[in-house]
Amino acid sequence: MKKRLAVNILLIGMLMLTACGGAEKSAVLQQGGNDNAENVLTENKVEVIGGNQTDESSKSVMQEEEAIDAKPDEDSKTVELQGETVSAESDEREIQWNVAESVQEEESLGNPRSSYGLGSAPYLEGRNILVSMFVTTPESTWTEEEKQQMLKKVETAAVYIEEAARSYEIETELIYDFTEYPELYKETVVDFLINEETDFLDRLDEEIALWFEESIDYTKMVDTFEADGIATMVFVNNPGISYAIVYDGTDNVKESLVLFSEDYYNGGKAELPITYAHEILHIFGAHDLYEGAEFTSEVTEYVETTYPREIMLTVTLSGNSETVIDADVSPITAYHLGWLNEIEEINLYPQLIRE
Ligand SMILES: [Zn+2]
């Protein structure tokens with residue numbers, strides 16, 4: 001089992017961004033109408049559930065697959081950004097850029113990674129900002145209409161999340177509407193292709209790190225909106241596997257999501273709001289609850305049986321569309337998000353205990 005030390009990056013005054021090592025990547029694979037088919041990338045590994053495992057050479061999205069016990073840091077690439085100061089100012093809200101204080105052990109499976117209470121988007125309550133960054137690539141750009149379509153899907157995801165919170169008696173508001181708040185709109189251009197033949201994931205993660213340095217001031221935005229947290233949604237108008245870049249105690253204190261317009265594994269069909277909601281929940285602490293991702297099969301089987309419509313279990317539920325999210329936030333995810341402080345499942349399965 002691979003173990004890794006979590007470095008307190010605040011103390012060394014330098015942000016080490018691991019291009020893929022800190023990223024949680026997930027996606028759903030639909031094959032032959034099998035609703036349970038999932039393809040999951042976590043820490044550079046992919047577990048295909050009910051689907052076909054594909055080739056295993058390095059780099060590209062399809063090719064990042066490794067055995068479940070693969071070393072998380074293998075192949076990861078680091079970018080050093082000098083002079084990064086991620087904390088200090090907004091201390092009264094006590095939430096920004098909280099970093100892990102102690103050495104932690106990581107294992108590939110059964111030792112969940114979480115951004116709960118950590119990073120730029122620590123808690124899903126109060127107000128949280130979602131900045132939009134639209135990326136133009138050599139093969140794709142965005143029309144105004146397409147941007148509005150993305151905004152509409154994010155709205156569907158946000159309303160769903162806010163209502164789910166309310167059902168647990170938690171008030172939360174997501175601030176994302178760049179039509180109303182133009183400062184939440186950003187755009188940029190990259191000069192590399194976004195397709196499975198390239199190492200675009202590493203390069204995209206590097207670009208994201210640079211944007212955060214140069215064009216998105218998290219601290220200032222949080223102050224301006226009197227918000228409690230912030231993350232960026234990076235929109236790419238290509239088929240791809242949407243993923244969350246969560247702060248895991250080591251990398252990516254400034255949290256973000258990479259959201260593709262189309263689902264790579266679903267014949268290029270439009271990504272649905274349920275996928276965006278799933279990814280948004282990740283940055284606030286929700287864990288993947290499907291087999292082979294973060295917990296043992298004992299737990300994932302329990303979730304499948306007990307909460308079959310759980311949003312962190314699957315995003316291929318029937319009833320979902322480009323305007324509707326039909327899924328549950330189970331007590332397990334509510335607990336991981338901090339909406340509940342106690343659930344019976346943590347006695348049955350201590351691995352579910354939130355860190
Ligand atoms: Zn996920």
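**Before selecting**

The model is predicted: local features are reported where pLDDT is at least 70, side-chain atom pairs count only at pLDDT 80 or more, and totals for chains, interfaces and linings use all residues. Residues are numbered from 1 along each chain as its sequence is written.

**Whole protein**

Begin by colouring the protein by pLDDT, the predictor's confidence in each residue on a scale from 0 to 100. The mean is 75, and 67% of the residues reach 70 or more. Residues 1-96 have pLDDT below 50, and the model gives this stretch 215 contacts beyond near neighbours in sequence; two residues are in contact if their C-beta atoms, placed from the backbone, lie within 7 Å. Residues 99-112 also stay under 50, with 37 contacts beyond four places in sequence.

Next, switch to a cartoon view. The protein has eight helices and eleven strands, taken as DSSP runs numbered from the N terminus (helices H or I, at least four residues; strands E, at least two). Of the 355 residues, 46% count as buried. A residue is buried if 20 or more other C-beta atoms, placed from the backbone, lie within 10 Å of its own, exposed if 12 or fewer, and partly exposed in between. Among contacts between residues at least 6 apart in sequence, 70% join residues at least 24 apart.

**The nonpolar core**

Select Ile161, Val234 and Ala277, the residues with the most contacts inside the largest nonpolar core, which has 80 residues. Such a core is a set of buried Ala, Val, Leu, Ile, Met, Phe, Trp, Tyr and Cys residues joined through C-beta atoms within 7 Å. Helix H2 (residues 144-167) supplies the largest share of this core, eight residues.

**Strand E9 and its partners**

Select residues 229-240, strand E9, in which eleven of twelve residues are buried. Strands count as paired if DSSP finds at least two bridges between them. Strand E6 (residues 126-136) runs parallel to E9, joined by eight bridges; here valine 135 has valine 236 as its bridge partner. E9 also pairs in the parallel sense with strand E11 (residues 256-263) over seven bridges, and phenylalanine 235 stands opposite leucine 259 in E11. Centre on valine 234: leaving aside residues up to four places away in sequence, it touches Met133, Val135, Ile208, Ser256, Leu257, Val258 and Leu259.

Select residues 273-283, helix H5. Eleven of its eleven residues are buried, so H5 is largely enclosed by the rest of the structure. The buried residues include Tyr276, His278, Glu279 and His282. Just after H5, glycine 285 takes a positive phi of about 120°.

Valine 246 lies in the loop between strand E10 (243-245) and E11, and counts as buried because it has 28 C-beta neighbours inside 10 Å.

**Two loop glutamates**

Select glutamate 169, in the loop between H2 and strand E7 (172-175). Its phi is near 60°, a positive value in a residue other than glycine. Glutamate 169 is exposed, with 8 other C-beta atoms within 10 Å.

Finally, select glutamate 226, in the loop between helix H4 (218-224) and E9. Phi of glutamate 226 is near 45°, again positive in a residue other than glycine. With 10 C-beta neighbours inside 10 Å, glutamate 226 counts as exposed.
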